[in-house]
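I opened the model and went through it place by place. My entries follow in the order in which I looked things up.

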Amino acid sequence: MRVTSYVDAIREASDLEMERDESVILFGLDVDDPKAIQGTTKGLAEKYGPSRVFGTPLAEDAMTGVAIGMAMAGLRPIHVHIRMDFLLLSMNQLINIAAKAHYMYGGQLRVPLVVRSMIGRSWGQGAQHSQALYPFFMHVPGLRVVAPTNPHDAKGTLIAAIRDDNPVMYVEHRFLHFQKGPVPEESYVVAPGRARIVNEGRDVTIVGISQALVESLRAARYLESVGVTAEVIDPIWLAPLDMDTIIESVKKTGALCVVDNGWTSCGAGAEIVSRVVENSDRHVRVLRMGFAPTTCPPTPSLEEHFYPNGRTIAAGVYDLVSGARKNWMPDERADLAEIEFRGPF
Amino acid sequence: MTDSRAHSRFTPDLFRDLYRIRRVEEEIARIYPTDKIKSPVHLSIGQEAIAVAVCRALRPEDIVFLSYRSHAGYLAKGGDLRAMVAELYGKATGCAKGKGGSMHLVDTEHNVMGASAVVGTTIPHAVGYAYAMQLRREPRVVVSFFGDGATDEGVFDESINFAALKHLPILFVCENNGYAIHTRQQQRHFVSNIAERARVRGIASEVIDDDLATLLGRAEDAVASIRRGEGPRLLECLTYRWKEHVGPGEDFHLGYRTREEAEPWYARDAVRLSGEALSPEDRSRVIDEVEKEIAGAIAFAEESPFPERDELYRDVVAEAR
């Protein structure tokens, strides 16, 4: 199968859907500039014209409302934000209207809206360019949330999101943009509410969210060296969440670690762990990992301790499986080295 | 300034539109203490002429977006009266099946889009809808109704900027009743002329006093110019809220405003003046018809069932069509 990048997968999904359905339009700050949102919107303004692809004023609140009004009128807007942190300026529209419109207007209105946003990391992103706010959206009925981790799913979930009649928060991660992988050239859908087991194992279930999925797979490789086989699950869609796949896995392994790409308090991991425990008739050992409970610092010497990585996840999971503190930390392996952003932004 | 064309339009239909809204809300106020309506109501009494004048300039295919003080706009645009009263009663036959309430009226069949309780929130929806109309070359006008309080919000400035930038077919109607809940406009705005603020943003704007004839003429002109493709317009309509911010009563006892301040507005009451312009026979006929319709709507709401329990989870997610 053809190999392509996560960036190209997003661009291709947008292109295919815009060609297929003229009600699909795309806008956001800088979507039509020369950088084209890391290349994810490259060529679209030229192909579809400024009525369907346009840069916007710096007005996240109103432009989110404008997108909702367009969607109520039957368009299928894709609203792009180059950082997830900027969504905080859109919260009234997203939570009070987009999520609730279909319900509080008695089913008379629909909001088929896609909101793309990127979680930043590394090279000084710091406090306000690094936040992973998807748990805010998972909290609210009426929103769909998806965080694809590879190019195949980036394309298939974006197509699914565009075709969905509900608002979908499409969460990207700046590091995942570098991913390459097999992507079919034709159109296809990765449907809401289905997780994928990406590594089979017997001893522990690891659920990795967004970029943390990549780190969880590295952890699984480190764990092999101490004889632990980890079942790694990519939930793909966070709302609706495929709990059945996770619960089935934990029934087999008896232990669950959720690695969140965000803070653990009231996070996606808290939700997944709770629902597993509620649905389990035997004792399950659980662990949540995620951002350190502090503000993300830009300096590399502190930032490296802010995020879990393959080695720290492996160490935590080894303790979980062993039921004791083992003080084991694998040596870093060159073949499992972290992708480091080379900058500058 | 009085528009001479408008006097000839003091017809029984105009009186019917105004009187009907006034009487519906008076009936809501009458029923309210019985606790049958468990929905916070923000009455339009005193402000009806704006919604009526603007909506009379519209065609059925034109679209309105409303705020939480939306009974007048909903009814003036042709929203179903029985479904509205049933909605206030929380009944399954309500316009939102009892799941919206007074602050979220909707009737898409008559192009009344969903109203919102959060001030200013629907202004950009109207702008987005107008963008869709322009993109699809549908010759329809979109109207955004909001109060002076909404213009405090950043989303107002952001929205009118985008509407001007894209030359959209939209009419912004600011119903300036001088108060955001209990706080005077002068305590909130350094520049109190809202039309002037919009003009700076590139929107052709004007301030209109409470005179019904003027309102009718200016609304018609504004809608006609938008229909000709001349871009967005804003009407700042000065008015006065007779009742309390929320609820059925008066609120002069609170001390933030006086009855003396209200009296000149009572004297210019559009409902009374439009009725007095008719022959006694015409007036009685309209009154009889409206009273029957309202009584029928209340009976319909009272007799309608409450939603069944399974309705709690319906429409959380829109199913594929």
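I looked up Lys97(B) and found it in the loop between α5 (81-88) and α6 (123-135) of chain B. Helices here are DSSP runs of H or I with at least four residues, strands are runs of E with at least two, and both are numbered from the N terminus. Lys97(B) is not a glycine, yet its phi is positive, about 60°. Most residues other than glycine have a negative phi, and most peptide bonds are trans. Is Lys97(B) buried or exposed? It counts as buried, because 23 C-beta neighbours lie inside 10 Å. The cut-offs I used: buried means 20 or more other C-beta atoms within 10 Å of the residue's own, exposed means 12 or fewer, partly exposed is in between, and C-beta atoms are placed from the backbone.

A note on the source. This is a predicted model, in which local features need pLDDT of at least 70, side-chain atom pairs count only at pLDDT 80 or more, and totals for chains, interfaces and linings use all residues. Residues are numbered from 1 along each chain as its sequence is written, and chains are lettered from A and ligands numbered from 1 in the order in which they are written.

**Backbone entries, chain A**

I checked Ile37(A) next. Its phi is positive too, about 50°, although it is not a glycine. Ile37(A) sits in the loop between β2 (24-28) and α2 (44-48) of chain A. With 25 C-beta neighbours inside 10 Å, Ile37(A) counts as buried.

Which peptide bond did I find to be cis? The one from Ala239(A) to Pro240(A) is, with omega near -5°. Pro240(A) belongs to the loop between β12 (237-239) and α9 (243-253) of chain A.

Then I went to Tyr48(A), in helix α2 of chain A. Tyr48(A) is partly exposed, because 19 other C-beta atoms lie within 10 Å. Leaving out residues up to four places away in sequence, Tyr48(A) touches Met18(A) and Val53(A). Contact means that the two C-beta atoms, placed from the backbone, lie within 7 Å. I also took the C-alpha separation of Tyr48(A) and Glu22(A): 9.3 Å, for residues 26 apart along the chain.

**Helix α7 of chain A**

I compared the length of helix α7 (residues 151-163) of chain A with expectation. How many of its 13 residues are buried? The count is 12, so I noted α7(A) as mostly covered. Among the buried ones are Pro151(A), His152(A), Asp153(A), Lys155(A) and Ile162(A).

**A helix pair in chain B**

I looked at helix α3 (residues 48-56) and helix α9 (residues 212-227) of chain B. They pack at an angle of about 35°, with axes 8 Å apart. Axes are lines fitted to C-alpha atoms, for helices over the stretch in contact, and angles run from 0 to 180 degrees between N-to-C directions. The crossing of α3(B) past α9(B) is right-handed. From α3(B), the contact uses Ala49(B), Ile50(B), Ala53(B), Val54(B) and Arg56(B). From α9(B), it uses Leu212(B), Leu215(B), Leu216(B) and Ala219(B). By class I logged 8 nonpolar, no polar and 1 charged residues. Nonpolar covers Ala, Val, Leu, Ile, Met, Phe, Trp, Tyr, Cys and Pro; charged covers Asp, Glu, Lys and Arg; the others, Gly among them, are polar.

**Where the chains touch**

The contact takes 33 residues from chain A and 35 residues from chain B. On the chain A side, the elements giving two or more residues are α3 (60-72), α4 (91-98) and α5 (101-104). The largest share, 9 residues, comes from α3(A). I sorted the chain A side into 17 nonpolar, 13 polar and 3 charged residues.

**Whole chains**

Chain A has 12 helices and 14 strands. Buried residues make up 57% of its 345 residues. Chain B has 12 helices and 7 strands. Of its 321 residues, 50% count as buried.

Notes. Left-handed = near helix turned anticlockwise from the far one by under 90°.
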